Amino acid sequence: MGQLTEFLDTFLTYKSPRYADVHDWRLGLAYRIFQVVGLGYVVFWAVVYKCDHLRRDPVSGYARVDISTPVKDGCFEADATCKLDLRSFAELPYCIQGKAQVTAQQRICEFRDAYALSPQTPMPNSLFVPSFVNRMLQRKVCEPSAGSGWRCEQTYVTQAEEGKYQHGAFVADIERYRLLISHSYEASDSMNADPEFMGRSESTLGELSPAARPPPGSWKPWHSHIQGVAPSGPRPHIRAHVHHALREVDEDPEIPSYEGGNTDFGTLYHSPWGDMLSLGDLIKLADPRGAEAVLSERGENDLSRRERGGVIAISIEYTNERSFDILGLEPPRYRVSARLLPMQWLYQSHAVPAGNDTRHIEAYQGFLIHANVHGHIRRFEWLSLLQVLATALVLLTVAGMLTDAAMAYTTELAQRYELIRQQPNKTVQELRSLVGQLQDEEGRLLLPADANASPELEHEEGADSSRNQELLAVLRSIEKKLNGPEHHFVRNEAADSAGAHFENLASGLLDRAAGRVAPL
């Protein structure tokens, strides 16, 4: 058991630092300032204000983008009495129809409803909205047979139609078509398969207040006349915000619950089916110059953006971040923003049978709208709080290091500070004093003997000198260990036996030479 204790004492030692009190108000003030700054950053800025101690669960989800034709009075498009809300060709500057003078940038325009524009197969999180259609007539010229060796060099050949091989046309007033963006989300820890939060854009937090209801005479929702769907009163909804590109604001405006409630985006509103806005307002959301400037902008081959198309990326970011929400009780909300990606062309083509072994190749050029649901939902967790508080302890340690550096290199106390750091502890000082007194005593004992001294006295003094030398050797060994590089005591059997021998020698010496050697 003794050997085990000795082994543990040797390899499981604890090193304790030494401290010195420096009476200088400047250093004390600097140390307190460093402490206040460190604790203030962690406690008040990171925890209380920014709430960085909350755990952030990533958000993933699915978005659906649909298109509808603009109609008057919010009627149902399939009704016989429903009328389109589109401008005439004569009002549109890019249409040839109704113009006395035609320019090279103008094209034939045609009206298409949402059914003609919607894709046959929905794309996840995306919608392609054509703004320009290029049509070509092709005739089938080959049918594999034994005479042709069951092969064809060409299947279809493009033919002229009305004197032209290609017929391009703009989709008239495409920027006024309405987009419905609906989405759902879930948030869970990456280590946990079960989601912590789930929701959708149509409903979540609270109910509409009376002031947010559509005022008399305002636009009716597009779905209000669908058979089997009754207009609803106050409904639960999520708090949603719209973020204008390149605009620096402290708080993004909240999406209104009725059309015309936002001065920048007149068609934007939040419905029970999702967020509704026009393609023109979506382009304005991505580029503050507005839809007219973006669609008329020239690019490759000196063609306008209306003819070339592009990609609009919609960001739907869910979050519940809020200042001073220490416990993470803020309900989720989402923010909608958009940007126009630097893509010069976007098109897709397909064949439409025309009969008599002919077909039309329709190449659609327009805008690919892609929505991405992402974000983080924050919630309280003790482990995350302890991790942030551990940062405060580190900053307190750094405060002491900065103060030591300031004292050691930037003040007149630098030399004194080095002396304090290198000064031995009190035990070593006392031992050194005792060694010095013993050395003086040994010197006096080694002085030439008196001629009248008796042989017995000389023999006694010689024995005292021998014992003093042995005592000095023991004390110097102890002093060396006390004043070593580690500055701490190490307990072992040799030190214990040396200490016992030292006590026997010291007691005998002090008994015979009392008053000459200072007691330990």
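Visitor: To begin with one cysteine, is Cys 95 buried or exposed, and what is its relative accessible area?

Guide: In this predicted model, Cys 95 has a relative accessible area of 0%, and because buried means under 20%, Cys 95 counts as buried. Its sulfur is joined in a disulfide to that of Cys 109, with an S to S distance of 1.9 Å, and the torsion of -95° about the S-S bond makes this link left-handed. The pair connects distant parts of the chain, since Cys 95 lies in the loop between β1 (55–68) and β2 (108–110) while Cys 109 belongs to strand β2, 14 residues apart. Cys 109 is buried too, at a relative accessible area of 4%.

This bridge is one of 3 disulfides in the structure. Another joins Cys 75 to Cys 82, at 1.8 Å from S to S; here the angle about the S-S bond is 65° and the link is right-handed, and both Cys 75 and Cys 82 are buried.

There is also a disulfide between Cys 142 and Cys 152, with an S to S distance of 1.8 Å, and its torsion is about -80°, so it is left-handed. Both cysteines of this pair sit in the loop between β3 (126–140) and β4 (156–159), 10 residues apart. Cys 142 is buried at 16%, whereas Cys 152, with 29% relative accessibility, counts as partly exposed.

Counting bonded cysteines along the chain, the disulfides follow the pattern 1-2, 3-4, 5-6.

Key
Residues are numbered from 1 along each chain as its sequence is written. This is a predicted model: local features need pLDDT of at least 70, side-chain atom pairs count only at pLDDT 80 or more; totals for chains, interfaces and linings use all residues. Side-chain values use heavy atoms; hydrogens and water are left out. A disulfide is a pair of cysteine sulfur atoms within 2.5 Å. Buried means under 20% relative accessible area, exposed over 50%, partly exposed in between (1.4 Å probe, protein chains only). Helices (H or I, at least four residues) and strands (E, at least two) are DSSP runs, numbered from the N terminus.
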